[in-house]
Amino acid sequence: MSKKRKTPEELRSHRWYGVSDLRSFGHRSRTAQMGYSRADYAGKPVIAIVNTWSDINPCHSHFRTRAEEIKRGVWQAGGFPIEMPAISLSENFQKPTTMLYRNLLAMETEELLRSYPADGAVLMGGCDKTTPALMMGAISMNLPVVFFPAGAMLRGDWRGTTLGSGSDAWKYWAELRAGNISQSEWTEIENGIARSPGTCMTMGTAATMMSAVEALGFSLPGASSLPAVDSRSAQMATLAGRRIVEMVWEDLKPSDILSPAAVDNAITTVLALGGSTNAVIHLIAMARRAGIGIGLDRFDELSRRVPVLANLRPAGKYLMEDFCYAGGLQAFLNVLSPLLNLDCLTITGNPLRESIAGRSVHNADVIRTLENPFAPSGGLAILRGNLAPAGAVMKPIAAEPHLLHHAGPAIVFDGCVDMMARIDDPDLDVNADSVLVLRNAGPKGGPGMPEWGQLPIPKKLLEQGVRDMLRISDARMSGTSYGACVLHVAPESFVGGPLALLEEGDIVELDVTKRTLNMRVSDADLAQRRAAWRPAAAVYPRGYGALFSTHIQQANEGCDFDFLEGTAPIPDPEIH
């Protein structure tokens, strides 16, 4: 790719700093107020460092230091760094779900970059929704950007057993409820499962999305695989700061990088990693911001021919630290390269093939070959039927195989409160063949589509040794979760989707091979039930929640706001 390099007068920030009028006098004098001289910024690219650090986000607790390392790189390359805090979206703490606020961060990112004198940006994210949110905003703004990933935390440890965040929390919570471990042992696990800054170290949503964004071409090669506390991550931060300055001069923007082929590369990478089901929603939303209209069917088309090569939890054995030492994402992409479009441009200014050439695998059990995959397919499956006419998502490799073709009577819960009140009731008429169903947990009904989709196994079944059941909902589930969980059922029940019409005892049938999800209820009975159905009242009467409920799209559409999709230009603020 060849473009004429920008001149200082062509910089966007020149309109703030470089002209001789009263407004620019104010900009320069106030910059002097902060201790900077004209030599610090005159004629230089202004680089926004959008930092999602906060005191309540453990995944990003090292970002204060990383921001300074990014600034160092910006200064080295002749740029002027300005750090801008943005809402943090702490997956561990924010209620009811960070997904409620993903679009808020996307809007904030876009408007920060539009309303301030930014020529380019380094986006600092990693915790589940921060990555897609930052990217959505940056794609819409279309300024040069580098995504800097937080990186995963170190392995957990309990009595010499390696623990993986999320995955082992669900596992040992079930064992505690079944009476197989003690409360004191549970407390030991609690104190050993998260030992450093960084995101979940399983192939959860954080690791999935950081990897997907690197595969899209928006991170420096190898950045997504480095542990958060690795000194190489600090070095990568400085390199990111240096590279974004060059990208501004080159005018290398998201619209130059994001293409249908690049999106296919990201989807293929997610599937081969055995990545999070959440990636379906996020990648659809990111692509549609660029006017690339992908849908669920593209994920299923690719899933049928893409093998799972990463032996990573929750589906496999290893953790992200092991993945890094085995060669990381660059070695992984090199192995996967026959299934990728290697001509796609990256933020390096070079095609993907140059980033991954010669990268070798150092542990063939962690990163498998195309000839010896972890699984021949099944990273994700898109299901349709009279229960999910607009689609539903499942991760077959995370389920017990006997449940991939299953029929059983529905146990229906009308929300999370109802589920928690009844799931362990000894009188609940449930057995291992039952199908647990949760509704009113979708984008509008949750609200925000919380990660409630890994419904707990009833305690009396846990005590009998049952560890997986077919579970269906219009919710999401954590990428660290596992089990025969059918998610993102669309349209959701809150807006009158067929899930709202399901009744206790109806037979639900899943056939992953045929990609079908149906309830054995006649069309006539469904019509009668639909005529009797009445919508629930809106959850939020005012505020951001009301905006969300009015404009949120369904899961199969990416859960973006209907007024944010597309590439319609929005003018920069006029400078007078």
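Which residues in helix 9 meet which residues in helix 12? The legends below take up that contact and then move on to other parts of this predicted model.

**View 1. Helix 9 packs against helix 12.** Here is the contact asked about above. From helix 9, Thr-208, Ser-211, Ala-212, Ala-215 and Leu-216 take part, and they meet Ala-262, Val-263, Asn-265, Ala-266, Thr-269, Val-270 and Leu-273 of helix 12. Eight of the residues in this contact are nonpolar and four are polar, with no charged residue among them. Helix 9 spans residues 205-216 and helix 12 spans residues 260-273; their axes lie 8 Å apart and form an angle of about 145°. The crossing of helix 9 with helix 12 is right-handed.

**View 2. The largest cavity and its lining.** Rolling a probe the size of a water molecule over the atoms shows where empty space is left. The count comes to one cavity of 30 Å³ or more, and the largest cavity holds about 40 Å³ of space. Its lining is made up of Glu-214, Gly-217, Ser-219, Pro-221, Gln-330, Thr-346, Leu-352 and Ser-355. By residue type, that lining divides into five polar, two nonpolar and one charged.

**View 3. A cis peptide bond at Pro-314.** Zoom in on the bond that runs from Arg-313 to Pro-314: this peptide bond is cis, and its omega is near 15°. Pro-314 sits in the loop that links helix 14 (296-303) to helix 15 (320-325).

**View 4. A cis peptide bond at Pro-491.** Ala-490 and Pro-491 are joined by a cis peptide bond, with omega at about -5°. For orientation, Pro-491 is found in the loop between strand 12 (485-490) and strand 13 (507-511).

**View 5. Leu-89 and its positive phi.** Although Leu-89 is not a glycine, its phi is positive, at about 55°. To find Leu-89, follow the loop between strand 2 (80-85) and helix 5 (102-115).

**View 6. The whole protein chain, for context.** Why does a radius of gyration of 24 Å agree with a compact globule? For 576 residues, a compact globule would have a radius of gyration near 25 Å, so the 24 Å of the protein chain agrees with that value.

Methods: Residues numbered from 1 in each chain as written. Predicted model: local features only at pLDDT ≥ 70, side-chain atom pairs only at ≥ 80, totals over all residues. Heavy atoms only, no water. 1 Å grid on protein atoms, 1.4 Å probe; cavity = no way out; pocket = protein on both sides within 12 Å on 5 of 7 lines; lining within 4 Å. Points joined across faces, edges and corners; volume = space filled by probe spheres on them. Nonpolar A, V, L, I, M, F, W, Y, C, P; charged D, E, K, R; others polar. Axes fitted to C-alpha atoms, helices over the stretch in contact; angles between N-to-C directions. Helix = DSSP H or I, 4+ residues; strand = E, 2+ residues; numbered from the N terminus. Left-handed = near helix turned anticlockwise from the far one by under 90°. Contact = heavy atoms within 4.5 Å. Rg over C-alpha atoms; globule rule 2.2 N^0.38 Å.
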